[in-house]
Amino acid sequence: MDPIESTFRDIVEISPFPVYVCTGDDMIISVANNATLKAWDRDSSVIGKPFFEALPELEDQPFLGYLQSVYRTGKPFYSNNERVDLLIGGKLQTFYYKFTYQPMYNGDGKVYGVAAFNTDVTELERAKQAVEESEMILYNMVRQAPVGICIIRAEDLMIEVVNDSYLKLVGKKRKEMENRTIWDAIPEAAAAYAPVMNNVIHSGVSFSASEHEVILIRDGKPETVFIDFVYEPVRHFDGTINTIMVIGIEVTDKVIARRSIEDAEERGRLAIEAAEIGTFDLDLTTDKMVTSARFNAIFGFDGEVSRKKLANVIHVDDRQHRMLAHEMALKSGNLFYEARVIHPDDSIRWIRAQAKLYHDNNNTPVRMLGTILDITEFKRLQQQKDDFISVASHELKTPMTSLKASIQILDKLIKTNNNPEKVSAFIDKANTSLAKMQHLVESLLNVSKITAGQLALNKTHFKIDEMVNDSCDHLRLAGDHELILSGDTGLEVFADRSKIEQIIVNLVNNAVKYAPQSKKIIVDITKRNKSAKIAVQDFGDGISQDKIPHLFERYYRVDSTGLQYSGLGLGLYISAEIVERHGGKIGVISEAGIGSTFWFTIPIQE
Ligand code: ADP
């Protein structure tokens with residue numbers, strides 16, 4: 001063997017790549033380097049044997065065919081990553097090879113054999129398959145994920161993968177999203193979210209949002225939804241961001257449910273606050289009570305106190321009543337009572353307690369949850385109303401009795417047919433009684449109109465002094481009082497003349513009634529910016545300061561017994577309502593022993 005050939009043989013022998021040569025029609029293995037034997041898991045005894053005999057497991061595999069075809073045609077054969085199953089340690093195992101089969105020519109230019117050069121690429125192939133497999137798994141995961149996933153190419157924002165959940169989330173069809181850019185597909189979200197996504201691409205920092213309110217066009221209709229989502233940048237192995245993964249899940253139901261709970265809680269809290277309700281939670285097994293700040297305040301305490309202390313501030317006359325209510329509650333399951341409590345300053349307040357009992361499994365009452373209301377004002381109004389009814393009946397009864405008497409006398413006079421002067425005197429008397437009744441009934445009608453919000457105004461321009469003179473003629477005629485008009489007497493206003501007249505009559509009549517010793521009554525008119533101020537001043541007893549805030553209330557009378565003066569306590573209330581309807585103000589300045597000045601304002605112009 002010449003030295004060069006022997007060198008080549010050595011090179012082939014030590015090559016880490018399997019190299020072998022098959023010769024002749026039978027494809028006898030004439031050369032097979034160590035790497036080949038190792039790959040085949042055979043020993044050198046295969047050398048000199050036909051290919052099919054050395055590697056019987058390849059019978060159904062194409063390799064012998066490739067070799068023979070190269071041998072026959074003289075054309076080399078290449079293959080990339082071809083699978084080969086070899087019997088290794090008695091077990092058929094799969095490998096992947098990249099190989100070249102080269103024809104070998106003899107001196108005559110005839111093919112005498114085929115040289116095979118092989119590279120084992122099993123590991124590479126396995127790695128590739130693993131990648132493909134994991135990609136497939138990932139893809140399937142994405143497709144089947146219960147959350148919306150959309151994978152977007154960073155460079156042009158084209159949608160690469162979008163799953164069904166995402167389509168459902170954004171309310172689009174697959175064909176509306178595939179082969180489009182994300183903002184082509186969901187233009188309604190572009191304004192708000194394109195800048196966010198660009199920022200993720202440029203900064204590489206993911207963005208996550210929870211409960212974002214988004215308007216999406218779902219199936220053609222705009223819908224407000226709440227979404228939790230993430231824009232996750234996915235890096236290429238070289239560190240560049242090539243895709244953005246959007247993961248989104250709709251949380252609208254959750255948000256709405258939570259909000260409605262929050263709303264309900266808030267409404268409940270506001271209602272309790274607005275109604276100034278005090279609340280308590282009583283543990284019936286220990287008698288321990290948890291009470292709200294309002295509850296403590298209603299009982300006249302700064303903080304929480306024992307149940308015993310609470311019971312002690314109940315008015316003695318109401319204690320029995322409270323105890324009975326508690327006894328009843330154990331039977332009925334509901335507590336209800338009204339009682340008076342005495343505050344540290346000795347003032348008396350009315351309270352209303354309402355509660356519900358809760359039982360354990362043995363039906364033993366264990367807990368009481370309830371509310372406390374301060375109903376002092378309510379009681380006062382109730383009392384006032386009761387008083388009013390008796391006053392009103394009394395007020396109506398007086399002119400009615402006198403009317404009845406006048407009619408009876410008239411009846412007699414007519415039957416006896418004498419004394420026409422007397423007849424006309426009693427007719428006058430009857431008329432006066434009727435006018436009084438009419439006035440009372442009108443006052444009552446006015447009140448119900450005010451309560452129903454039906455006090456209509458019929459505004460015109462008129463001069464105040466003319467109106468005052470017209471309405472106070474009766475006073476001048478009677479001659480007991482001196483009515484003085486002062487100030488801007490010629491001032492013209494824009495108001496409901498008959499209603500303003502009603503106020504003047506009320507104020508002047510009150511001055512006459514409650515300041516009988518005051519001979520002078522001054523009606524003063526002043527022009528203010530855009531309004532006229534009309535004041536009626538008397539020089540009577542005046543009104544004590546503590547009564548003043550209530551004067552304009554319905555049914556309020558300083559002397560509620562009605563012993564000294566008659567009246568319904570409606571005149572000032574009606575006056576205040578009329579003034580308010582005109583957008584004006586009403587008030588009084590009064591000093592005991594000096595007199596009172598009732599005033600009000602009305603607009604000058606429309
Ligand atoms: P009424 O005169 O029917 O009682 P008003 O509403 O007109 O009803 O008046 C309410 C209360 O205000 C009266 O009961 C009276 O006690 C007090 N009052 C009104 N005007 C005067 C006044 N000029 N001087 C003293 N007290 C007055």
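Student: In which strand does N81 lie?

Tutor: N81 lies in strand β3, residues 77-88, where strands (E, at least two residues) and helices (H or I, at least four) are DSSP runs numbered from the N terminus. Please keep in mind that this is a predicted model, in which local features need pLDDT of at least 70 and side-chain atom pairs count only at pLDDT 80 or more, while totals for chains, interfaces and linings use all residues. Residues are numbered from 1 along each chain as its sequence is written, and side-chain values use heavy atoms, with hydrogens and water left out.

Student: What's the phi of N81?

Tutor: Phi of N81 is near 45°, a positive value in a residue other than glycine. Most residues other than glycine have a negative phi.

Student: And why does N81 count as partly exposed?

Tutor: N81 counts as partly exposed because its relative accessibility is 32%; buried means under 20% relative accessible area, exposed means over 50%, and partly exposed is in between, with a 1.4 Å probe and protein chains only.

Student: What about N179, where is that and what is its phi?

Tutor: N179 sits in the loop between α7 (174-177) and α8 (182-185), and its phi is positive, about 60°, although it is not a glycine. With 68% relative accessibility, N179 counts as exposed.

Student: Back to β3, then. Is I88 buried or exposed?

Tutor: I88, which is also found in strand β3, counts as buried because its relative accessibility is 17%.

Student: Which residues does I88 touch?

Tutor: Not counting residues up to four places away in sequence, I88 touches A39, W40, D41, Q93 and F95, contact being heavy atoms within 4.5 Å. For a sense of scale, the C-alpha atoms of I88 and H359 are separated by 80 Å, and the two residues are 271 apart along the chain.

Student: Changing topic: how many aromatic pairs are there?

Tutor: A search of the whole structure finds 18 aromatic pairs, where rings of Phe, Tyr and Trp (its six-membered ring) pair if their centres lie within 6.5 Å, and planes under 30 degrees apart count as stacked, over 60 as edge-to-face and the rest as tilted. One of them, F207 with Y231, is tilted, at 6.2 Å centre to centre and 45° between the planes. That pair links distant parts of the chain, with F207 in strand β8 (residues 207-218) and Y231 in strand β9 (residues 221-235), 24 residues apart.

Student: How exposed are F207 and Y231?

Tutor: F207 counts as partly exposed at 26% relative accessibility, whereas Y231 counts as buried at 5%.

Student: Which residues do ring pairs link into a cluster?

Tutor: The cluster that ring pairs link consists of F63, Y66, F77, F99 and Y101.

Student: Let's do a loop residue. Where is P50, and what does it touch?

Tutor: P50 is found in the loop between α2 (34-40) and α3 (51-54), and, leaving out residues up to four places away in sequence, P50 touches D26, M27, I28 and I29. At 14% relative accessibility, P50 counts as buried.

Student: And H315, which loop has it?

Tutor: H315 is in the loop between α12 (307-312) and α13 (316-332). H315 counts as buried, with 12% relative accessibility, and, apart from neighbours within four places in sequence, H315 is in contact with R340, V341, I342 and I348.

Student: Now the whole thing: how many helices and strands, and what does the C-alpha trace span?

Tutor: The protein has 19 helices and 22 strands, and along its principal axes the C-alpha trace spans about 175 × 70 × 50 Å. The radius of gyration is 54 Å, while a compact globule of 606 residues would have one near 25 Å; the radius is taken over C-alpha atoms, and the globule rule is 2.2 Å times the number of residues to the power 0.38.

Student: What share of the residues is buried?

Tutor: Buried residues make up 40% of the 606 residues in the protein.
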